[in-house]
Amino acid sequence: MIHFKNVSKIYLPHMVALENVNLIIKSKEFVSLVGSSGAGKSTLLRMLIGEEAPSMGEIIVGDVSINSLSNKEMPYMRRKIGTVFQDYKLLPTKTAYENIAFAMEVAGKDDMEIKEDVPQVLSLVGLEDKAKQFPYQLSGGERQRVAIGRALVHRPDILVADEPTGNLDPVNTWEVVNLLLKLNELGATVILATHDNSIVNNLERRVVLMEKGRVVKDDLKGKYLI
Amino acid sequence: MKEKILRTLNRVTKSGINSFWRNKWVSTATVSVMVITLSLITSLFLLSVVAGSILTDLEQKVDISVYFKLNTTESEVLKVKSELEKISDVKSVEYVSRAEALAKFETEHENNPLIIKSLEELGDNPLEASLNIKAKLIDNYESIASFLESTRFSAMVDTVNYRQNQKVIEKLSSILSTVRNSGFIAILVLGFIAVLVTFNTIRLKIYSMREEIGVMRLVGASNWYIRGPFIIEGILHGMVSSLVTTIIFYPILVFVSPKISAFLSGIDIAAYFRNNFFQIFLLQTLVGVFLGVISSLIAMRRYLKI
């Protein structure tokens, strides 16, 4: 369970990014976080992975309060949360295989396990034949699939996707969304931030609408109408 | 646990070496700047060795002599000698007896029949016995001279030639200390600038990789796991730079050294370099590795806070 408790974020001097957000996401849920740019979706997700700290309030994942973790404890938490970003955030000097393996290496997994799991993940995201390519040799859709592979390789309980389809064409968009759905079926909680209403309207899952830093609507089988 | 640490170490090392190769241009740039820094530091070091040996050479040329009256016996002179030798400032005392002084005088002037003839006419040896004194430090001559000029020895001592040379010795002493101090400051300043340039180059490299560092953090890497490859890369930069510097430096030294030797006799930099090769190489490598590693660590700090 993920619980945002009275979370506010104020960028000094007086830019309010989030205002008193309360949100509970149950385990194994698929939640779409929608709203126009600047509504606070990314800020909320960045706080969930500890990239930023809330100005007020608390974020609890399972039984751990994210904002009370130290710089040293944070990596352990992050290994339980997979993240996918609009700009992929792959390591440019590592191949597709190495990018995915890196997530396992940092967690201290042994070489046998890595050699077994990474090819599996690569085939899951449909990139078996691109294992040795560097990110600059891949298309946008392929890069995003590598990023998803990296996010899911240590079987995270939670997958956070921040505008993962923002740079992709419709075909690749659906491939990515389908991957996210598959992961959700396999038991991961998925939080998808997007401003693409065609995705959300086709998913028929829980939709949380944000506007100007507040949660304004929360439907269990929602649509996103502009 | 031990196995896990070894595994991490192995991965970090591999990743560092990989990154060194894959970022060829960045590595080349960093190594180049470091080679310049190390060359400068090595040159300054060799220069200070040369300057030091010139200064020591000059210093060793300075001595003072005390001349004893003709009626002073040898045992009296030797007593003064042993007393002088007990003074801690005195490096060496050389006794020149009257006979030795005469022999030396004669060989020096053997081509001058007039002098030889007038000596013969004199019949007696007109030269005084003397002690040549070398001090440990050029500034010590003053106190040694005043010791000899004290009333205790006034019956024996004819002249102490310090007074005639005093101005020259004092001037030399002040020049020597100025050269030494300003040279030291110059080395410090130039070395500091070189270090800053290298530090900035590495900082730019890290800056260009700040997003990658952030990504590593977000994927769940611990800070030391992220630092590791950079430390390995820093070590590699330092070692390669040191090697390149030596490869560039040695031929230049072999070429330049005879020219310097021709100008300043008794100084052979190439030989000095050969004889102290390992110390110099080790020093270079240490400076390089230290610079590479510390600069990386300092430059990374702020990007590891995510």
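Strands E7 (residues 158-162) and E8 (residues 189-194) of chain A run parallel and are joined by five bridges; helices (H or I, at least four residues) and strands (E, at least two) are DSSP runs, numbered from the N terminus, and two strands pair if DSSP finds at least two bridges between them. This pairing belongs to a predicted model, in which local features need pLDDT of at least 70 and side-chain atom pairs count only at pLDDT 80 or more, while totals for chains, interfaces and linings use all residues. Residues are numbered from 1 along each chain as its sequence is written, and chains are lettered from A and ligands numbered from 1 in the order in which they are written.

How much of E8(A) is buried? Six of its six residues are, so E8(A) is largely enclosed by the rest of the structure. A residue counts as buried if 20 or more other C-beta atoms lie within 10 Å of its own, as exposed if 12 or fewer do, and as partly exposed in between, with C-beta atoms placed from the backbone. Both faces of the strand are covered, with A:Thr189, A:Ile191 and A:Ala193 buried on one side and A:Val190, A:Leu192 and A:Thr194 buried on the other.

E9(A) in turn pairs with E10(A), residues 214-219, in the antiparallel sense over five bridges, and A:Val208 has A:Asp218 of E10(A) as its bridge partner. The two strands form a hairpin with two residues between them, where A:Lys212 takes a positive phi near 45°.

Taken together, these strands belong to an open, mixed sheet of six strands in chain A, in the order E6-E7-E8-E3-E9-E10. E6 (81-85) and E10 of chain A stand at the edges with a single partner strand each, so one side of each is left without a neighbour in the sheet. From one strand to the next, the twist averages 15°. Helix H6(A), residues 170-185, lies across E3, E7 and E8 of chain A and runs at about 155° to E8(A); axes are lines fitted to C-alpha atoms, for helices over the stretch in contact, and angles run from 0 to 180 degrees between N-to-C directions.

Chain B contains 11 helices and four strands. Its radius of gyration is 31 Å, whereas a compact globule of 306 residues would have one near 19 Å; the radius is taken over C-alpha atoms, and the globule rule is 2.2 Å times the number of residues to the power 0.38. The C-alpha trace of chain B spans about 105 × 40 × 35 Å along its principal axes, and 27% of the 306 residues count as buried.

The domain assignment, from an automatic or database source, divides chain B into domain 1 (2-58 + 174-304) and domain 2 (62-172). The centres of domain 1 and domain 2 of chain B, taken over C-alpha atoms, are separated by 53 Å. Four residues of domain 1 of chain B are in contact with four residues of domain 2 of chain B, contact meaning that the C-beta atoms of two residues, placed from the backbone, lie within 7 Å. Helix H7(B), residues 162-208, gives the most to the domain 1 side, with three residues.

Where do the two chains meet? In all, 17 residues of chain B are in contact with 19 residues of chain A. On the chain B side, the elements giving two or more residues are helix H1 (2-22) and helix H8 (210-219), and H1(B) gives the most, with six residues. By class, this side has six nonpolar, five polar and six charged residues; Ala, Val, Leu, Ile, Met, Phe, Trp, Tyr, Cys and Pro count as nonpolar, Asp, Glu, Lys and Arg as charged, and the others, Gly among them, as polar.

B:Gly220 follows H8(B) and has a positive phi, near 105°.
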